[in-house]
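Here is a short note for someone opening this model for the opening time. The points below take the annotated sites and then two residues in turn.

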Amino acid sequence: MERKALYAGSFDPLTKGHVDMIERASGMYDQVYVAIGTNISKNSLFTAEEKLDLTKQSLVHMENVMVMLLEEGLTVDLARRLGVTAMIRGLRNTTDFEYEMNIALMNKLQAPDIETVLLLSDERYRFVSSSIIKEVAQFGGDVSALVPDLVNQAIQEKYKQKEK
């Protein structure tokens with residue numbers, strides 16, 4: 001039986017912490033789906049299509065990873081449709097643990113046959129969040145060590161456009 005997992009997030013922008021999680025998951029599962037959603041409680045820097053393109057290009061080196069948009073509905077419903085047995089989530093700190101535990105319990109109620117697998121963030125990326133990346137980049141800070149090169153270029157271009 002093929003082992004399939006789903007890693008979902010807003011990836012706005014995709015960080016090296018996200019890439020690290022996906023690389024590690026791709027070593028654990030035969031197929032990893034990366035689903036890009038929109039967090040309606042946050043202001044997005046990139047459109048869904050831009051995030052899809054940047055993520056696909058940043059993950060091209062992993063043959064068993066497929067990137068897609070999560071356009072509507074619950075992530076757990078997508079997981080069911082894809083036939084995954086695990087939903088991957090990353091933990092940076094205790095705050096993440098509280099948040100992720102509640103989501104995992106709700107998902108277990110919705111789909112008892114799908115496990116949530118929590119991966120600890122690499123210590124290099126424990127402080128990294130997409131929100132902090134955007135804030136630092138918006139004011140001209142250097143985030144190049146924390147995002148893939150392609151993403152860094154796209155971030156810089158976005159903020160140049162906003163200055164005009």
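1. In its unreviewed entry, UniProt places the feature "binding site" at Ser10, Lys42, Thr75 and Arg89. The lining of the largest pocket includes Ser10, Lys42, Thr75 and Arg89. A pocket is an open set of points on a 1 Å grid over the protein atoms alone, where a 1.4 Å probe fits, with protein on both sides within 12 Å along at least five of seven lines; lining residues have an atom within 4 Å of a point. UniProt positions follow the numbering used here, feature names are shortened, and annotations may be inferred rather than shown by experiment.

2. This is a predicted model: local features need pLDDT of at least 70, side-chain atom pairs count only at pLDDT 80 or more, and totals for chains, interfaces and linings use all residues. Residues are numbered from 1 along each chain as its sequence is written, and side-chain values use heavy atoms, with hydrogens and water left out.

3. Ser10 sits in the loop between strand 1 (4–9) and helix 1 (16–28). Helices (H or I, at least four residues) and strands (E, at least two) are DSSP runs, numbered from the N terminus. Ser10 counts as partly exposed because its relative accessibility is 22%, between the limits for buried (under 20%) and exposed (over 50%), with a 1.4 Å probe and protein chains only. Beyond neighbours within four places in sequence, Ser10 contacts (heavy atoms within 4.5 Å) Ile36, Gly37, Asn39 and Lys51.

4. Thr75 belongs to helix 3 (residues 75–82). Its relative accessible area is 25%, so Thr75 is partly exposed. Neighbours within four places in sequence aside, Thr75 is in contact with Leu6, Ala8, Leu70 and Met87.
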